[in-house]
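This report covers a few parts of one protein model, taken in turn. The sequence and structure are shown here for reference.

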Amino acid sequence: MGCQAQRGLRLRVQVEVRVTTTGTDWQSWQESWDRQQEWYMPDREERFRVMLDMVEAVVGPEPRVLDLACGTGSITDRLLKRFPGATSTGVDLDPALLAIARGTFDGDGRVTFVTADLKDADWTERLSHTSYDAVLTATALHWLHSGPLATLYGQIGGLVRDGGVFMNADHMIDTDTPRINTAERAQRHAAMDRARAAGAVDWADWWALAAKDPVLAAPTAERFEIYGEHADGDMPSVHWHARTLREAGFGEARAVWASPSDSLVLAVK
C-alpha cells in the first residue's frame with residue numbers, strides 16, 4: 001500500500017474512532033467534516049485562502065462578517081484564526097451542523113449563530129446586525145435554484161455596506177463548454193474513486209457516523225427531514241453570478257479564483 005493510501009486509511013480510522021467514542025468532541029467533528037469535504041474539493045483550503053486575502057484587501061483585517069449557510073463554521077474558523085479582531089454571525093438551517101458549530105465556538109464572544117431558512121422572506125431580520133463588511137459563503141448555494149438564488153442575492157445586496165464585499169465559492173458550470181466539462185468531471189471522479197479506495201470518508205459515510213452519535217443522532221434525523229438526501233439546485237456559470245450580483249446592487253463582480261470545476265466570485269458594493 002502506497003503512502004497516500006496508508007494516510008487515507010489512517011484518516012478514516014481516526015475519524016471513526018474519535019467521532020463515535022467522544023460524542024461531544026466538537027473539534028473532532030470539525031476536522032472530520034473538513035476531511036469529508038476535501039474528498040470532493042482537494043483545493044478547498046486554497047479557495048478559503050483567496051477569500052480571506054480579498055476580505056483583507058477590500059475591507060481590512062477586522063471585518064464584521066456574515067458566514068452565510070455556515071454549516072459547521074468552516075469559514076468562521078479560518079476567519080478568526082487569521083483575523084483575531086474579526087467578528088462573525090453564522091446563519092444556517094441544518095440542526096446537526098449548527099450543533100457542531102455552536103459546540104466548537106462555545107464561549108467565543110466574537111461569534112454568534114442564527115437558525116434561519118435562507119428561502120424565508122424574513123430571514124435577515126433574525127441576524128445580529130443590519131449590515132456587514134463581508135458576506136461569505138462556500139459550497140452551499142448550489143442547493144438553490146436560480147430564481148431563489150437571485151432573490152437571495154438581492155437580500156444580500158441590502159446587507160453588505162457600501163464598499164463591502166460578498167463572496168461565493170461554489171460549483172459553477174459553463175454550459176458552453178460541454179467537452180471540457182465532461183473531461184474535467186471524468187478526471188475529478190477518477191481521483192475521488194482512488195481516494196475512496198484508500199479510505200476517504202464521503203458524504204454518506206459521514207452522515208452515517210453522525211446518525212450513530214448519541215449527541216448528534218436527533219439533530220441528524222431532523223436535518224434529513226428538512227433537506228432529504230440532497231437538494232436539486234442549479235449550478236449556473238460565473239457569468240450568471242456576476243451579472244445577477246450587479247443587478248442586485250453591487251458595483252463590480254467577477255471571479256477571483258477558479259479550479260476546473262469551481263469558482264470564487266467576488267462582488268463589491
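In helix H4, the buried residues are Ser74, Ile75, Thr76, Asp77, Arg78, Leu79 and Leu80. The model is a predicted one. Because seven of the nine residues of H4 (residues 74-82) are buried, this helix is largely enclosed by the rest of the structure. The elements that its buried residues pack against are H2, helix H3 (44-59), E1, strand E2 (87-92), strand E3 (111-115) and E4.

Asp34 is part of helix H2 (residues 26-40). With a relative accessible area of 7%, Asp34 is buried. Beyond its neighbours within four places in sequence, Asp34 is in contact with Arg44, Ser74 and Arg78. The side chains of Asp34 and Arg44 are joined by a polar contact of 2.9 Å. Between Asp34 and Gly73 there are 10 Å in space, C-alpha to C-alpha, and the two are 39 residues apart in sequence.

The loop between E1 and H4 contains Ala69. Ala69 is not a glycine, yet its phi is positive, at about 55°. A further case is Thr139, whose phi is near 50°, again a positive value in a residue other than glycine. Thr139 belongs to the loop between E4 and H6. Its relative accessibility is 18%, and the cut-off for buried is under 20%, so Thr139 counts as buried.

Strand E4 (residues 132-138) has seven of its seven residues buried, so the strand is largely enclosed by the rest of the structure. Strand E1 (residues 64-68) runs parallel to E4, and three bridges join the two. Leu66 has Val135 as its bridge partner in E4. E4 also pairs with strand E5 (residues 160-171), over six bridges and in the parallel sense. On that side, Val135 stands opposite Phe166 of E5. Together with helix H6 (residues 146-159), E4 and E5 make a right-handed β-α-β unit.

The remaining topic is the aromatic residues. Searching the whole structure gives 14 aromatic pairs. A pair of aromatic rings is described by the distance of the centres and the angle of the planes.

| Ring pair | Distance of centres | Angle of planes | Arrangement |
|---|---|---|---|
| Trp203 and Trp207 | 5.8 Å | 65° | edge-to-face |
| Trp207 and Phe224 | 5.5 Å | 80° | edge-to-face |

Why do both pairs count as edge-to-face? The planes of Trp203 and Trp207 are at 65° and those of Trp207 and Phe224 at 80°, and planes over 60 degrees apart count as edge-to-face.

Trp203 and Trp207 are both in helix H8 (residues 203-212), where they lie four residues apart, about one turn of the helix. An α-helix has 3.6 residues a turn, so residues three or four places apart point the same way. Trp203 and Trp207 are both buried. The pair of Trp207 and Phe224 has one ring in helix H8 and the other in helix H9 (residues 217-227), so it ties together parts that are 17 residues apart in sequence.

Which residues form one aromatic cluster? The members are Trp29, Trp33, Trp143, Trp203, Trp206, Trp207, Phe224 and Tyr227.

H8 itself has Trp203, Asp205, Trp206, Trp207, Leu209 and Ala210 as its buried residues. Where H8 starts, a side-chain oxygen of Asp202 comes to within 3.2 Å of the backbone nitrogen of Ala204.

Technical notes: Residues numbered from 1 in each chain as written. Predicted model: local features only at pLDDT ≥ 70, side-chain atom pairs only at ≥ 80, totals over all residues. Heavy atoms only, no water. Phe/Tyr/Trp six-rings, centres within 6.5 Å; stacked < 30°, edge-to-face > 60°. Buried < 20%, exposed > 50% of the residue type's maximum accessible area, 1.4 Å probe, protein only. Pairing = 2+ DSSP bridges. Right-handed = clockwise from strand over helix to strand, strands pointing away. Polar contact = N/O pair within 3.5 Å; in protein donor to acceptor, adjacent residues only side chain to side chain. Contact = heavy atoms within 4.5 Å.
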